[in-house]
Amino acid sequence: MNIWLNFLIDSLAFGATFMYGSTGEIITEKGGHLNLGIPGVMCMGGAGGCLVLNMIGKSNLPGALIVILGILGAVTMAMLMGLIYSFLTVTLRANQNVTGLALTTFGAGLMKVIMSKLDATVYLVGPKQFYRWPFAGRTDSLQYLGVLFFLAVIIAVVSSWVLYKTKVGLHLRAVGENPGTADAVGINVTRYKYAASCIGSGIAGLGGFYYIIDYMASPEAYLSLEVFGWLSIALVIFALWRPHMTIIGSTVFGFLFSCSSHIANIDGITVTMAAKPLLKMLPYVFTIAVLIFTSIRNKRENQPPASLGLSYFREER
Amino acid sequence: MAEHKNIVHEPPFHLAKRASIVWWKAWLIRIAAVALGLVVCGLVAYLFSDRLRNGKKTLEDFYYCFIKGSFGTERKLWKFLKNMAVLQCISLAITPAFRMRFWNTGAEGQTLMGVWGAIAVAFYLGGKIPNWLLLTLMFVAALICGAVWSVIPAIFKAKWDTNETLFTLMMNYVATYVVSYFLVVWVPSGSSSLGKLKFGKLPSFGHDYLLIILIVLALTVLLYIYLRYSKQGYEISVVGESVRTAQYSGMNVKKVVIRTMIVSGLLCGLAGYLIGAGLDQSITTESVGGQGFTAIMVSWLAKFNPLVMLLTSGLVSLLNQGAAQISQDFNVSGAFPDVIVGIILFFIIGSEFFINYQIILTRKGHAGREAVK
């Protein structure tokens, strides 16, 4: 396969990690909550999925069922993290930034504790073949486009549709823009905020699961997961709070991120040891550039939800 | 049908914001929260430690570890004080920015650049100039590097209102790769680990860590005075309270934002200097080790008050070191301290609600009549 096409497909596949993470974060933010705990949530999603696979990886269950149970494990664990976050920030009205940071510390730590107890040969080796449908067994990067990749694309598109074309989405956006007004027209603000944070976390958790089990499929993958949570949060701005835009954004991120390893394969280019760290800096510099660019353009429809980061207390006017 | 008319749905309780709370009640709530958190920590440890489950260790040993880990021996006590001092220094550094509601998540990178500045000077000039001059130049370099790293996001925030949380966050990673670039350049062998440098060590008296601890203590008092009694400190509080009020009263908000972030960056640079010149005499990409993020929580828990911060940074260091001891004694992963700190933070964060709000139980029929009146 053409080396550039190979590179592009690999970027797409790698990008699915961010696609899950930032789609989840967008849904949370649309409810007015900036969840800086997404890195921790993604970590715990990965841990939850691996925990389930560790239990059933060697059993005689049909492959499809193992896939589904693994996904459910990841979503459940991530939603539990979302529940902690929404209980603290919605019910107890805690500061969102601090709660998020604590959630990341907790999640990333607990994931490492859990993963150190699991057996990689059970949760990785057996189930791996089931995720790589329909391109299993190929040697080029098409092999990475499996079930979980397509699921990421579907979730991103469906989320966009729900947020911008349905009544539920309209209500959620109203809650995020101005919870007082939403409350006045009879929308249950608390319920929407809880649902947005928990569903968003559930989706983000799949990103961690995908990264460990499918894309990297290595026993050390979990150690490098946290960074991608932070990048997912940054990607939200690039996507201008539209989930389907994360498909493009995450591919660009994936492209920049794997630049340092792919460029060396191209004829006529030699990458020195010193150049590698500089290439790895690219996605972050790019994010900063995007941040600056969007803030200078300052268009109204490209702004974050108006009440993002603020707690809502009905009795307070 | 007529009977249904009088049935009013009343929630069993409602919430009201407290006007004020007696100080001891607030602290009682916080202590209760930490105690509850410790109970949950015990449960979590039970899940993950084989030694706890098969009876080789007891829960008593578990809680004793927190004391043992930090105060067990004289060496551990000094280590505890050193860790606390470094954490306190970074927490102090981010405080001016946070009082202004500038969400500076970049302390990690700003401090790392401070370490880099100090070590770069020591690497290139070490042994070529007298030691006092070297230490001074390292100091200046560390402060400048920290300040540069924080003033870049501040300028964009002031000029175009660029989101500072994400900007500063990304700067952390840029800093990490700047350091790893220079490690490759400095250590051509490919191992990328710079050994301890021979020059550029802060003089020590009494104990190796004593000077650093004293510097941080002095800084705590100075920052308290700066924030509480100086005109600049007042301006920071006003901008944090309301940007509009600040503008109407004639303050140049942009100037305050940039100036405060320079102060924040300088202090991060100082923390980096203490790490680089005072402790490590070397640098890795993990020299700051996540303390830039922990500092945000330490500073917030202390309500951005430098004096109270001594207490919160002490608590977090105690938990960290105690949990590190636990992961050793109880055979759980080295990431266990993060779990413990996370759980305790959840409980303290949650307890703030019971300090700020009052839960009022509804007496039957009472609230309805009140509303009519």
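This is a predicted model: local features need pLDDT of at least 70, side-chain atom pairs count only at pLDDT 80 or more; totals for chains, interfaces and linings use all residues.
A residue counts as buried here if 20 or more other C-beta atoms lie within 10 Å of its own, as exposed if 12 or fewer do, and as partly exposed in between, with C-beta atoms placed from the backbone. Residues are numbered from 1 along each chain as its sequence is written, and chains are lettered from A and ligands numbered from 1 in the order in which they are written.

**Chain B overall**
- Chain B has 15 helices and two strands; helices (H or I, at least four residues) and strands (E, at least two) are DSSP runs, numbered from the N terminus.
- Along the principal axes, the C-alpha atoms of chain B fill a box of roughly 95 × 65 × 40 Å.
- Of the contacts in chain B between residues at least 6 apart in sequence, 79% join residues at least 24 apart, a contact being two residues whose C-beta atoms, placed from the backbone, lie within 7 Å.

**Two domains in chain B**
- Domain 1 of chain B covers 1-57 + 331-373 and domain 2 covers 70-329, with bounds that come from an automatic or database domain assignment.
- The C-alpha centres of these two domains lie 33 Å apart.
- Twelve residues of domain 1 of chain B are in contact with ten residues of domain 2 of chain B.
- On the domain 1 side, helix H14 (residues 336-356) of chain B gives the largest share, seven residues.
- That side divides into nine nonpolar, two polar and one charged residue; Ala, Val, Leu, Ile, Met, Phe, Trp, Tyr, Cys and Pro count as nonpolar, Asp, Glu, Lys and Arg as charged, and the others, Gly among them, as polar.

**A covered helix, H12 of chain B**
- Eleven of the eleven residues of helix H12 (residues 291-301) of chain B are buried, including B:Phe293, B:Ile296 and B:Trp300.
- These buried residues pack against helix H4 (74-99), helix H5 (107-125), helix H13 (306-329) and H14 of chain B, together with H4 of chain A.
- After H12(B) comes B:Lys303, with a positive phi near 55°.

**Where chains A and B meet**
- Here 40 residues of chain A are in contact with 41 residues of chain B.
- On the chain A side, helix H3 (63-91), helix H4 (96-115), helix H10 (226-238) and helix H12 (275-297) each supply at least two residues.
- The chain A side comprises 26 nonpolar, eight polar and six charged residues.
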